[in-house]
Amino acid sequence: MMRTLRDKRTMHVVLWILIFAFVVGFVFIAVGTKYQGFNQADPNLAAKVGNDKITIDQVNQLYEPALNRLYSNSDQTPSQAELTQLRQEILDQLVDASILNQTAAKLNISVSTDEVAAVIQRQSYFAGADGKFDKNQYFKVLQENQITPQVYEQSEAQEILTQKISSALADAVVYSPEEVDHYADFLNRQLKADYVDLDVKNYAKGINPTEDELKSYYEGNKSQFDHPERAKSRHILIALRSGATPDEEAAVVKTLEGYRQQILSGKTTFAKISAQYSQDPGSKNQGGELGWASRGTMVKEFEDQIFEKLKKGEISEPFKTQFGYHIVQLEDYERSYTSSFDKDRAKILEQYQDEKALQQVTAMAQQLNIKLQQKETLAKAADELKLRTQSTPWFTQNSGLPGLKNSQSLTRALATLYVQQWKGPLDLENGHFFFQITEAKDRPLSAEALGQERPLAESMLAAEKQDQWVKAYLDDQRVKLRVKTYLN
């Protein structure tokens, strides 16, 4: 929804997409070698999914760049067990993609090139100095991450297709009121977890470029240091149903004004209210954070607030856009700016260090993910990678984690896990976290509290049920399509 208003994903999110859209899906099979099939009739055959074939060449196409992304910034080398795990994951991802594509054909669902182009053109990390899509920036970002435009565009098309299929199959997801109540109690448990924090700033401290390297970096990224007039904001959205009456709109305005007064009184924070009540799924888990936006990149009503009406730190009164009603807080504002190397050297160095550090963090996160997929505990996997493991005190889905600012989004994500289940990377400021639940204590809700928590629990249960349904559907289709794989 809010992608049309503002795509808030930043460059570091691109790298996580690359990890899990490409690395897990297509990576490699053995260090220094390409893997081969053992089907004597067709040595290039990796799998058969009904009448569809997955070739060894399809997988090997991304072998070298994926291998470089994973180990060029690390002294770790994969074990044979890790390579075996990757081998299985690669085929699973490709088989699932084939099944979904065949399902889309049966349901007459397709993705046009215009849809893919529209999504890519709204992504902020491909924007030029004017805040709008820049083809040269697009090619540059992909080249730096060793991804071809064809591969990236295919991955975006697959993501859109998966969303469409999930929506089409959503009616198959059913649950009872009793299940919702049990799930609300489940989410309300007290939990403890082990965690690893891959902090970009810590990695950045050890990166010291030469002056020539830094100047070369600046010349190649000058547009990132020049910028037009821009504003940084966060918001809370309440959507309107189609055909909403004036009374319904008035009720929404009253609700948002209530939130505004709570924030202004100091009883709560904008981020907490947004995380709990905002209906923008693209920003609520970041406390409503939308990041920097230049003029011309957001809807007019929103820009009128952040560029014309508000001063830094102020919160707007409720206002309406095509998405519903909002309140917005202006976090920061900057006039247009033209950079120079001497004037901006400190900022250039910091960004250079952050980008190089993020590459190291990305590689480490990939390796940690591989080990956890092998059913290793987080503590053991971290020890093998020479990472520090920490333990949380007891927490709940609404408490956040002591010492981690604005971490309620993390605890909400962790509330859905059972003991020994893990999740990561979860992003918070400069940290990229992996968690594994180690203990849990039941904490049943009172009747009054259950009434308050039921709407959120129902939405989260529906999402989980939909994920489970899709997984079950894929497993069922594997049997019906008589999936066969050929790997040695």
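Visitor: Is aspartate 226 buried or exposed?

Guide: Start with the cut-off: buried means under 20% relative accessible area. This is a predicted model, so read the values as computed from it. Aspartate 226 has a relative accessible area of 16%, so the residue is buried.

Visitor: Which side chain does aspartate 226 meet in a salt bridge?

Guide: The general idea comes first. Side chains of opposite charge can pair when their charged atoms come close. Here the partner of aspartate 226 is lysine 222, at 2.8 Å from N to O. Lysine 222 has a relative accessible area of 29%, which makes it partly exposed.

Visitor: Where do arginine 234 and glutamate 289 lie?

Guide: Take the pair itself before the places. Their side chains form a salt bridge, with 3.2 Å between N and O. Arginine 234 sits in strand E4, residues 230–238, and glutamate 289 in strand E5, residues 289–294. The two are 55 residues apart in sequence, so the pair ties those parts together.

Visitor: Are arginine 234 and glutamate 289 buried or exposed?

Guide: Arginine 234 is buried, at 11% relative accessible area. Glutamate 289 is buried too, at 14%.

Visitor: How many salt bridges does the whole structure hold?

Guide: The search finds 21. Among them is the one between aspartate 181 and arginine 454, 2.9 Å from N to O. This pair links distant parts of the chain, 273 residues apart. Aspartate 181 belongs to helix H8, residues 177–187. Arginine 454 belongs to helix H18, residues 447–480. Aspartate 181 is partly exposed at 21% relative accessible area. Arginine 454 is partly exposed as well, at 32%.

Visitor: Let me step back. How many helices and strands are there?

Guide: The protein has 18 helices and 11 strands. Of its 488 residues, 47% are buried. Now look at contacts with a separation of 6 or more: 74% of them join residues 24 or more positions apart. The accessible surface comes to about 24400 Å², and carbon and sulfur atoms hold 48% of that.

Visitor: How do I compare distance in sequence with distance in space?

Guide: Pick two residues and read both values. Leucine 94 and threonine 55 are 39 residues apart in sequence. In space, their C-alpha atoms are 9.9 Å apart. Leucine 94 is in helix H4, residues 80–106. With a relative accessible area of 10%, leucine 94 is buried.

Visitor: What lies 2.7 Å from a polar atom of the side chain of serine 155?

Guide: The backbone oxygen of tyrosine 152 does. Serine 155 is in helix H7, residues 149–168. Serine 155 is buried, with a relative accessible area of 15%.

Visitor: Now for empty space. How do I find a pocket?

Guide: Rolling a probe the size of a water molecule over the atoms shows where empty space is left. In this structure, the second largest pocket holds about 320 Å³ of space. It is lined by 13 residues, and the closest to its centre are Gln276, Tyr277, Gln452, Pro455 and Leu456.

Visitor: Which elements give two or more residues to that lining?

Guide: They are helix H13, residues 270–277, and H18. The largest share, 5 residues, comes from H18. Helix H18 also carries arginine 454, from the pair with aspartate 181.

Note on methods: Residues numbered from 1 in each chain as written. Predicted model: local features only at pLDDT ≥ 70, side-chain atom pairs only at ≥ 80, totals over all residues. Heavy atoms only, no water. Salt bridge = Lys/Arg side-chain N within 4 Å of Asp/Glu carboxyl O. Helix = DSSP H or I, 4+ residues; strand = E, 2+ residues; numbered from the N terminus. Buried < 20%, exposed > 50% of the residue type's maximum accessible area, 1.4 Å probe, protein only. Contact = heavy atoms within 4.5 Å. Areas by Shrake-Rupley, 256 points an atom, 1.4 Å probe, with all protein chains shown as cover. Polar contact = N/O pair within 3.5 Å; in protein donor to acceptor, adjacent residues only side chain to side chain. 1 Å grid on protein atoms, 1.4 Å probe; cavity = no way out; pocket = protein on both sides within 12 Å on 5 of 7 lines; lining within 4 Å. Points joined across faces, edges and corners; volume = space filled by probe spheres on them.
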